[in-house]
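Here is a short report on one protein chain. Look at the sequence and the 3D view first, then read on.

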Amino acid sequence: MSGSRTVREVMSGEVTSLDVNDNLSIADDVMNLGRIRHMPVVDEDDRLVGIVSQRDIFRGALSRLLGYGERAQSK
């Protein structure tokens, strides 16, 4: 790694975010179209509350396909 470079020099300046109430299908579509693997999730005040990844979406879809209920999915 180059010790003299900063995060600012390599980060994405235009950030697409998701709302906490967006459906996973929307997140999946946006991530696929934008070739994005991780997206910030914001609340109604545009405060960062988390990050969702392609792995999270895959896990959610797999749980649903296997018939796990909401309680099992949350665990």
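## Overall picture

Of the 75 residues in the chain, 16% are buried, where buried means under 20% relative accessible area, exposed over 50%, and partly exposed in between (1.4 Å probe, protein chains only). This is a predicted model: local features need pLDDT of at least 70, side-chain atom pairs count only at pLDDT 80 or more, and totals for chains, interfaces and linings use all residues. Residues are numbered from 1 along each chain as its sequence is written, and side-chain values use heavy atoms, leaving out hydrogens and water.

The chain has four helices and three strands. Helices (H or I, at least four residues) and strands (E, at least two) are DSSP runs, numbered from the N terminus. Their order along the sequence is α-β-α-β-β-α-α.

## The hairpin

Strands β2 and β3 (residues 48-53) pair in the antiparallel sense over five bridges. Two strands pair if DSSP finds at least two bridges between them. Met39 has Val52 in β3 as its bridge partner. The two strands β2 and β3 form a hairpin with five residues between them. In the turn, Asp46 has a positive phi of about 60 degrees.

## The core

Which residues make up the largest nonpolar core? There are seven: Leu18, Ala27, Met31, Met39, Val41, Val52 and Ile57. Helix α2 (24-34) and strand β2 (38-42) each supply at least two residues of this core. A nonpolar core is a set of buried Ala, Val, Leu, Ile, Met, Phe, Trp, Tyr and Cys residues joined through side-chain atoms within 4.5 Å.

Leu18 touches Ala27, Met39, Pro40, Val41, Val42 and Val52, not counting residues up to four places away in sequence. Contact means heavy atoms within 4.5 Å.

## Salt bridges

How many salt bridges does a search of the whole structure find? It finds three. A salt bridge is a side-chain nitrogen of Lys or Arg within 4 Å of a carboxyl oxygen of Asp or Glu.

Arg47 takes part in a salt bridge with Asp43, with the closest N and O atoms 3.1 Å apart. Arg47 also forms a salt bridge with Asp45, at 3.3 Å between the closest N and O atoms. Asp43 is buried, at 10% relative accessible area, whereas Arg47 is partly exposed, at 48%.

Asp56 and Arg59 meet in a salt bridge too (3.9 Å, N to O). Both lie in helix α3, three residues apart, about one turn of the helix.
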